[in-house]
Structure formats: structure tokens, C-alpha cells
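Please keep the model open while reading.

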Amino acid sequence: MVSGCFDLLHSGHIKFFKTASEYGNLYVFIGKDQNILDLKGKAPYYSEKERLYLVNSIKYVFSAKIASGNGMLDFIEDMKNLKPDIFIVNQDGDTAEKKNLCNKLNVKYIVLDRKPEEGLIKRSSTKIKEETAIPYRICLAGGWLDQPWVSSIHNGSVIVAQIIPSYDFNLRSGMATSSRNTAFQLWSKAPSGDPIRNARLLFGAENPPGSKYISGSQDQIGILLPGINKLYYKGEFWPESIVSCIDKETCDWLSSVIKLIPLKPRPEKYNPLIEKNLKSNLVMKLAESAELCFESIIKKDIKGLGNSLTNTFRAWKEILPNTIPNNVMVEMEKKYINKYYGATTSGSGGGYAIVVSDIPVTGAIDIKIKI
């Protein structure tokens with residue numbers, strides 16, 4: 001018996017089935033759509049009906065069914081009913097929970113190496129999704145300057161970077177998840193063609209006529225334009241100019257020093273715009289932090305980069321005090337800003353702490369900038 005999602009079926013799956021079938025008649029239990037949605041926060045690319053059809057069509061599979069349960073061990077009742085001699089996983093699917101379950105039910109537990117068929121390259125669903133899925137974006141400095149009511153007070157830039165989707169970031173966390181979801185509705189995968197044109201299309205789709213709040217264009221541009229981008233705003237919704245960096249060495253360096261740590265959820269009925277201090281000198285500080293950020297990235301200056309993120313964070317607090325709730329302010333200052341080179345948050349109210357560090361940070365998520 002084996003279990004899994006088996007979405008985006010590829011040669012690695014076939015090799016796994018082939019090897020597993022050498023131990024006896026192979027029974028496959030496939031995760032149902034709702035369970036995958038609950039676990040991963042998004043539905044599989046192919047429905048359970050289509051995935052079941054594909055897996056049942058493979059000659060190495062004796063029988064395939066949809067798993068009856070929920071959670072990471074959605075196959076428990078199926079295993080109890082089938083009473084297999086052996087349960088097989090690959091190295092990525094090896095967990096203590098699965099092993100303990102097999103020991104409890106007197107089922108032999110086998111872990112297979114991930115080896116491709118001779119003459120073929122190694123495949124994984126994760127890698128395929130990273131290559132075809134719509135990226136995320138991270139905003140490092142500037143932030144609110146993509147709103148005309150801010151950049152009309154003082155012109156300035158927003159610094160964003162396109163992030164490979166190797167991790168499912170929380171919704172409403174400042175990682176452009178809303179724009180990304182709209183992009184999925186338009187294209188279902190990363191669109192081809194001119195990224196600026198695509199970003200304009202996405203901006204229009206996300207902000208139809210009559211919208212009370214206009215989503216800033218840094219979100220749409222950030223998820224569709226590769227590398228690190230400096231978006232200069234001059235009192236309009238769309239930037240007047242875009243300066244891009246897709247140099248691999250620079251992008252790899254930035255990837256290595258940026259760490260993301262989940263923060264507590266936003267407070268109920270949170271409104272970051274309830275109080276505004278739109279003074280020219282305060283907005284100028286925000287603009288200057290973005291200039292320092294991009295300059296530091298190009299020079300690979302980790303101290304300057306850290307200062308730029310901290311300056312952005314503190315400028316937000318001055319301009320829009322409710323952007324940074326007091327509990328988040330205390331946590332950021334105590335745990336990250338005073339301990340590492342600098343830090344900010346990914347969005348209003350928190351989301352993730354973005355920390356600049358050249359040493360490991362406990363509980364951090366590593367990112368990879370896409371070029």
C-alpha cells in the first residue's frame with residue numbers, strides 16, 4: 001500500500017509505483033480534494049476524479065482509490081480495512097507518525113530512495129510547481145508609497161522582490177496573496193509574455209470600476225516581474241519608472257540574508273488607516289529608506305540593508321500608527337530589530353517578520369528570489 005496526493009503526475013511517480021509494485025500487488029490511496037485544500041490552503045491542480053483516473057491507468061498499480069479520511073494520515077481507516085503486508089513511502093514522505101501507525105497495525109514500513117528511471121532526470125511535484133506556479137512577492141522598503149495619497153505628499157520608491165513559491169504563505173500576510181489568487185483566476189499558472197503588460201492586466205482585474213480601495217500596483221508588479229525591483233511613484237497608482245536587478249549573484253545574496261518568521265494574527269476588526277500623519281518630512285523618511293534599501297542590495301551591504309528595513313518599519317509607525325499594533329512593535333523591537341541587522345514586517349498588522357541576518361534565525365523561513 002502507498003498513499004499520497006499524486007498531483008502533476010510525472011516520471012518520478014511512475015518510478016515509485018514501479019519499485020513499490022515489486023513487493024506485491026500495489027494498492028494506492030489518493031488524497032481527496034478537500035483534504036488537500038485543508039492541509040495546503042489551496043486545491044490540487046487536478047481533481048481527485050482525474051488523479052484517480054490517471055493512477056488507475058498505470059500498469060504497476062493493482063488498485064487505486066480515494067482515501068476516506070482527513071489530515072496527514074487520511075488513509076488510517078483504509079489501512080485497517082485493507083490490512084496490507086507492507087506500507088511504502090519515499091524519503092520525502094517518511095514521517096514518525098506513519099512509522100508508528102504501521103508498527104501499531106503490524107504492517108512492515110519501507111522507505112524507498114528517490115531514484116529516477118535510468119536515463120531520465122529526477123522529477124518532483126514541488127519543483128514542477130515552483131517552475132510553473134505564480135510567485136509571491138516580498139516588499140522590503142517603501143511600502144505605502146504605491147498609494148497616490150502617500151506619494152503625492154513626497155515622491156518615492158517601493159522595493160519589491162519576486163519569490164519562488166516553495167512555501168505557502170498565510171493569507172492576508174502582506175505577501176500579495178490576494179493579487180496572487182486573482183492571478184490564479186486569470187491564468188491558473190505563471191503567465192507567459194511581457195510581465196509588465198501582465199501586471200497591468202492583473203491590476204485592472206483586481207481593481208474593477210467602483211472599487212472602494214485600490215490595491216497598490218507593487219503587488220501585481222512584484223509577483224510578475226522577476227528579480228528585485230525599484231518602483232518609483234509620483235502621485236499615481238502606476239509607477240513612473242521601474243529599475244530591475246536580475247543579477248544572479250545579487251539575488252542569491254539577498255535570498256541568503258532575508259529570513260521570514262511568522263507573527264501573531266492581526267487583531268479583530270483591524271484597520272491600519274484609521275489614523276494618518278501624512279506630513280512631508282515623515283513620508284520623506286519612508287522614501288529615503290527605500291533608496292537606502294536598493295543601494296544596499298546592489299552593494300551587498302548587509303548593515304545598510306538592515307537599517308533600511310528598520311527605517312521603513314519606524315516610518316510606517318509614524319505615518320500610519322495603526323499599521324504597527326503596539327504588541328507587534330514590542331515584539332519586533334525586542335526579538336529582531338535589536339538582535340539582528342534590522343527588520344520590518346511583511347504587511348500591515350504583522351504577517352511575517354522580515355529579518356536581515358547572516359546567521360540562522362530560530363523558526364525562520366528561507367526564501368529564494370526568482371530571476
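Trp144 is buried, because its relative accessible area is 12%; buried means under 20% relative accessible area, exposed over 50%, and partly exposed in between (1.4 Å probe, protein chains only). Trp149 counts as partly exposed, at 24% relative accessibility. The model is predicted: local features need pLDDT of at least 70, side-chain atom pairs count only at pLDDT 80 or more, and totals for chains, interfaces and linings use all residues. Residues are numbered from 1 along each chain as its sequence is written, and side-chain values use heavy atoms, with hydrogens and water left out.

## Aromatic pairs

A pair of aromatic rings is described by the distance of the centres and the angle of the planes. Rings of Phe, Tyr and Trp (its six-membered ring) pair if their centres lie within 6.5 Å; planes under 30 degrees apart count as stacked, over 60 as edge-to-face and the rest as tilted. The whole structure holds 11 aromatic pairs. One of them joins Phe87 and Tyr109, which are stacked at 6.4 Å centre to centre, with 20° between the planes. This pair links distant parts of the chain: Phe87 belongs to strand β4 (residues 86-90) and Tyr109 to strand β5 (residues 108-112), 22 residues apart. Helices (H or I, at least four residues) and strands (E, at least two) are DSSP runs, numbered from the N terminus. Both Phe87 and Tyr109 are buried.

The rings of Trp144 and Trp149 have centres 5.8 Å apart and planes at 45°, so this pair is tilted. Ring pairs also link Tyr136, Tyr167, Phe169 and Tyr352 into a cluster.

Two rings carry a charge above them. Arg180 has its charged end over the ring of Tyr136, 3.9 Å from the ring centre. Lys276 has its charged end over the ring of Trp149, 4.3 Å from the centre. The criterion is NZ of Lys or CZ of Arg within 6 Å of the ring centre and within 35 degrees of the ring normal.

## The four-stranded sheet

Four strands form an open sheet in the order β6-β7-β8-β9, with antiparallel pairing. Its edge strands are β6 (136-141) and β9 (241-245), each pairing on one side only. From one strand to the next, the twist averages 25°. Helix α12 (residues 280-299) packs on the sheet and touches β6, β7 (156-163), β8 and β9. Contact here means heavy atoms within 4.5 Å. The direction of α12 makes about 45° with that of β7. Axes are lines fitted to C-alpha atoms, for helices over the stretch in contact, and angles run from 0 to 180 degrees between N-to-C directions.

Two strands pair if DSSP finds at least two bridges between them. β6 and β7 pair over five bridges, and Ala141 has Ile159 as its bridge partner in β7. β7 and β8 pair over six bridges. There, the partner of Ile159 in β8 is Lys230. Five bridges join β8 (residues 228-233) to β9, where Leu231 stands opposite Ile242. β7 is mostly covered, with eight of its eight residues buried.

## Salt bridges

The structure holds 14 salt bridges. Each is a side-chain nitrogen of Lys or Arg within 4 Å of a carboxyl oxygen of Asp or Glu. Three of them are tabulated here.

| Pair | N to O distance |
|---|---|
| Asp219 and Arg137 | 2.6 Å |
| Lys230 and Glu291 | 2.9 Å |
| Lys368 and Asp252 | 2.8 Å |

What does the bridge of Asp219 and Arg137 tie together? Asp219 lies in helix α10 (residues 217-224) and Arg137 in strand β6, so the pair ties together parts 82 residues apart in sequence. Asp219 is buried at 15% relative accessible area, and Arg137 is buried at 4%.

Lys230 in strand β8 and Glu291 in helix α12 are 61 residues apart. Lys230 is buried at 18%, whereas Glu291 is partly exposed at 33%.

Lys368 sits in the segment after β13 (365-366) and Asp252 in helix α11 (residues 248-257), 116 residues apart. Lys368 is partly exposed at 36%; Asp252 is partly exposed at 23%. Salt bridges that share partners join Lys248, Asp252 and Lys368 into one network.
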